[in-house]
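Thanks for making time this morning. I would like to walk you through one model, going slowly enough that someone new to it can follow along on the screen.

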Amino acid sequence: MQYAILIYGIEGVFDRLPENEQERAMEKHRELQRELGEQGALGSVARLMDTTTAMTVRQKGDSVLVLDGPFAETKEQLLGLYIVECSSMDEAIEQAKKLPLEIFAYEVRPVGWGGGTLAQPSADA
Amino acid sequence: MTSAGLEAILANARPRVIAALVRHFNSVDLAEDAFQDACEKAVRTWTDDGVARDPTAWLIVVARRSAIDGIRKSRRRVGLLEAAASVDEQPDPEEELLLQLDQDELRDDVLRLMFMCCQPDLPLHDQLALALKVIAGFPVDNIARAFVVQPKAMEQRITRAKKKAASVATRLETPTLQERARRLNAVSLMIYLLFNEGYTASGGDTHIREELCEEAIRLARLLLMLFPAQAEVMGLLALCLLQHSRRRARIGEDGKLIALEDQDRGKWEQSAISEGRALLEKALRHGRPGAYQVQAAIAAVHCAAPASDETDWREIEQLYAALEQLQPSPVVSLNRAVAMSKAFSAEAALRHLGSVADSLSNYIYYHTTLASLLAETEQFDAAAAAYERALQLGPTEQQAGHIRERMRFCEKRRIKSAPSVG
């Protein structure tokens, strides 16, 4: 079963951490990616650019609007995500716990359907 | 939560919280003190209970209360303990404010605060110092170091600037559309100048200069977050990011500036370049070109070249031509001439330079550019004279060394190309 681990936090806070703390947080990510990679359980991982780079597409009446900015103004923003292969929700939560928890929160959510080359575990897994 | 994590959250919330408090109290000093108080309470509360879900809202409510309590206390001379208790007995501040905090209002609050700092009757450095102190919360010592001023003198200047700005702030109502546009322009310019302050100056404390650039980027991000559909704000942020991407390559181990063509492009920060390009692409969709967008586009063309001699100078020349239309200035024309010399010929560039000779007669870079174009067209006497003029204008030691080297080259070529006597 695949799970999405969605990373939430307040945009701009991570950049204000001292370099060594940033590095410590990134090391946790690299460790998890290494571990999942070795198990062939890393579907994909992405760090998203700031919400200021985002655009939102939605229909209004008969026309399609393309708006500047994220889907919704929220207090915490979606900053990145993992798609991982885990045997259970418990296991997916355990994986999320390995990520830096200081200033981030993680939404763990089962994937209903996944496709595309980017979302697949590597072919030899 | 480590103290660094808490500090990062508090610093990030600062501009919004201060902005809301300045509107509420009509006083920058009171707002700053109340924010400081709220931060201390936040550290005590959040260390044990975890950070509030909405730190900004929490800080605004707690700061308002602490300021009001402060005022009451000074009126009634209530004891400290009693005052503290009155704060703690209140209901959860966050919940209360979630109902009240109007995002549109907060957006105009932040714009008002930024606009307040960039009043035209304040000298530029005072505007920037005020913004750094009040919005970003920079310590006065750091601001003093950035502008190479004694801390004491900086403190006095900020106090004066604050007073002047405060008298303006009281008159700032919710803006009309035109007024909002005017404020956005003024604030964008201030952010641009803050970035340039960190970017263009050489020597001095490079670390603090880099901080100025980073703060300018933060302010541009904040402005864009609040006004997400402003193409020129996108352009401004893109421009800052694209220029900042080169910071590791721009300064040599000896602390001297390295010219664009000599930089190690492997040291350019690709993530900043990608973000700058993404923002620029978004801005261009609006079809409302502006000076920041065009300058960002020029920077993006430079960033796209894998090597200096692969730069698309024709594109850059066209962009400078557009910039000449949008924001005519002799320096822009000078830059266009440089692009012309690379894209077309030194002769074309010299012709274009003719139009700005008078206005740039005291500008070193004009004379060095003119000299190198003259040398390229083998007018070595005239080139040497232009270098001589550049030397008289007080170049830095590094520039002077480079100019003398070029002069010797012209001298040699002049002798070689002179008709032999006898």
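Predicted model: local features only at pLDDT ≥ 70, side-chain atom pairs only at ≥ 80, totals over all residues.

**Aromatic rings, a helix and an interface**

Let me begin with B:Tyr363, which counts as partly exposed because its relative accessibility is 32%, where partly exposed is the range between buried, under 20% relative accessible area, and exposed, over 50%, using a 1.4 Å probe and protein chains only. Residues are numbered from 1 along each chain as its sequence is written, chains are lettered from A and ligands numbered from 1 in the order in which they are written, and side-chain values use heavy atoms, with hydrogens and water left out.

Now to the aromatic pairs, meaning rings of Phe, Tyr and Trp (its six-membered ring) with centres within 6.5 Å, called stacked if the planes are under 30 degrees apart, edge-to-face if over 60 and tilted for the rest. Over all chains, the count comes to five aromatic pairs. One of them joins B:Tyr192 and B:Tyr292, a tilted pair with 5.4 Å from centre to centre and 55° between the planes. This pair links distant parts of the chain, since B:Tyr192 belongs to helix H10 (residues 177-200) of chain B and B:Tyr292 to helix H15 (residues 291-304) of chain B, 100 residues apart; helices here are DSSP runs of H or I with at least four residues, strands are runs of E with at least two, and both are numbered from the N terminus. Are these two rings, B:Tyr192 and B:Tyr292, buried or exposed? Both of them are buried.

Coming back to B:Tyr363, its ring and that of B:Tyr365 have centres 6.4 Å apart and planes at 90°, so this pair is edge-to-face. B:Tyr365, at 37% relative accessibility, is likewise counted as partly exposed.

Next, please look at helix H18 (residues 346-353) of chain B, which is largely enclosed by the rest of the structure because six of its eight residues are buried. Those buried residues are B:Ala346, B:Ala348, B:Ala349, B:Leu350, B:His352 and B:Leu353. What do the buried residues of H18(B) pack against? They pack against helix H16 (313-326), helix H17 (330-343) and helix H19 (364-376) of chain B, with contact meaning heavy atoms within 4.5 Å.

B:Glu378 sits in the loop between H19 and helix H20 (380-392) of chain B, and it is exposed, with a relative accessible area of 55%. B:Asn26, also not a glycine, has a positive phi of about 60°, and its place is in the loop between helix H1 (3-25) and helix H2 (28-49) of chain B.

Finally, the two chains together: chain B and chain A bury about 2,300 Å² between them, 57% of it on carbon and sulfur atoms, where buried area is the accessible area (1.4 Å probe) that two parts lose on being put together, summed over both. On the chain B side, B:Asn12, B:Arg218 and B:Lys282 lose the most area to chain A, together 23% of what that side buries. The contact takes 28 residues from chain B and 23 residues from chain A.
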